[in-house]
Amino acid sequence: MEKLYYTPREVAHALAISDDAVLDLIHRGDLPALRISPRIIRIPIAAFELWRAGFVPRRRRVSIHAADHGAEIGVGERLPEEAPALRR
Amino acid sequence: MITASTDELHAYLADLIETVERYGATVLPPNDAYEVYLGRDGTDLVVDLATRLPTGPRSRPVDLVLRERWRPIETGRMALAEYGYELRDHQLDYRRALHRHDVEHFVRSFDVAVHEHCEATMGHETCAHYAGEPVAGAIDGFFRLYREWLAGARPDCSALRCLG
């Protein structure tokens, strides 16, 4: 099984800083992490490696364009008591 | 009800892409370019963002797709009318999805506006629709599904409440 995340302690070890310093980076929103429960935080390895390499996502320019197709949400899904007239 | 102005939706899509990329997801075409689009479908605006989660070179892909339909409610503002956030893990062969669509139908049938899907083996449903908590937009949907993927195991669908 491929390992997908580090614990804050593993990151602290990798960066040679304290556990508290890692938590501070997370709480400041600097280091990407996910809170799994009130006491469990995980740092995705892929996100950590990008962060360590200094990766900053490029801010995209957004415009409005005719949709190639509508957002197909739930298409093909079997609805309870199927009522075809309700489907788009 | 989640609402936004058109300008806010522009920033929302840019924020969403920054977030998923920060967490190592790859944005797939056509939104992998510098210029990205909100789709216009009649008077609705749609978000349709396909991403691939970071896996090893020998792993099968893990796709996380975020789709939304925003509908005008008053001049200059839109409401999040429908969403479909989908995780398909082809490595572990499971599917999770968080849905809001056909709301009148689901309210009439189950008295809920939103539902979820859970296939511990992709393509094999033991229940067509599960109860779910409303999702507060695509970033929230991304994190909920990313968290499931990060667990590194097939979901326990039996822990969810089957609606029918």
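How many residues does the contact take from chain A and from chain B? The contact takes 33 residues from chain A and 44 residues from chain B, where two residues are in contact if their C-beta atoms, placed from the backbone, lie within 7 Å. The model is predicted: local features need pLDDT of at least 70 and side-chain atom pairs count only at pLDDT 80 or more, while totals for chains, interfaces and linings use all residues. Residues are numbered from 1 along each chain as its sequence is written, and chains are lettered from A and ligands numbered from 1 in the order in which they are written.

**Side of chain A that touches chain B**

- Strand 2 (34-37), strand 3, helix 3 and strand 4 of chain A each give two or more residues to this side; helices (H or I, at least four residues) and strands (E, at least two) are DSSP runs, numbered from the N terminus.
- Strand 4 of chain A gives the most, with six residues.
- The residues on this side divide into 21 nonpolar, four polar and eight charged. Here Ala, Val, Leu, Ile, Met, Phe, Trp, Tyr, Cys and Pro count as nonpolar, Asp, Glu, Lys and Arg as charged, and the others, Gly among them, as polar.

**Strand pairing**

- Strand 4 (residues 61-66) of chain A pairs with strand 3 (residues 35-41) of chain B in the parallel sense, over six bridges; two strands pair if DSSP finds at least two bridges between them.
- Across this pairing, A:Val62 has B:Val36 as its bridge partner, and A:Ser63 has B:Tyr37.
- Strand 3 of chain B also pairs with strand 4 (residues 44-52) of chain B, in the antiparallel sense over three bridges. B:Gly39 has B:Val46 as its bridge partner there.
- The hairpin of these two strands of chain B has two residues between the strands, and B:Gly42 takes a positive phi near 65° in it.

**Helix 3 of chain A**

- A:Ala47, A:Phe48 and A:Trp51 are buried in helix 3 (residues 45-52) of chain A. A residue is buried if 20 or more other C-beta atoms lie within 10 Å of its own, exposed if 12 or fewer, and partly exposed in between, with C-beta atoms placed from the backbone.
- Seen down the axis of helix 3 of chain A, the buried residues fall within an arc of 100°, so they line one face of the helix; the arc is that of the directions from the helix axis to the C-beta atoms.
- These buried residues pack against strand 1 (5-6), helix 1 (8-15) and strand 3 (40-44) of chain A, together with helix 1 (6-22) of chain B.
- A:Gly54, with a positive phi near 85°, follows helix 3 of chain A.

**Nonpolar core**

- The largest nonpolar core has 47 residues, of which A:Ile43, B:Leu13, B:Leu64 and B:Tyr85 touch the most other members. Such a core is a set of buried Ala, Val, Leu, Ile, Met, Phe, Trp, Tyr and Cys residues joined through C-beta atoms within 7 Å.
- Helix 1 of chain B gives the most to this core, with six residues.
- Not counting residues up to four places away in sequence, B:Leu13 touches A:Val62, B:Val36, B:Leu38 and B:Val47.

**Chain B overall**

- Chain B has three helices and nine strands.
- Of the 164 residues of chain B, 37% count as buried.
- The C-alpha atoms of chain B fill a box of roughly 45 × 45 × 20 Å, taken along the principal axes.
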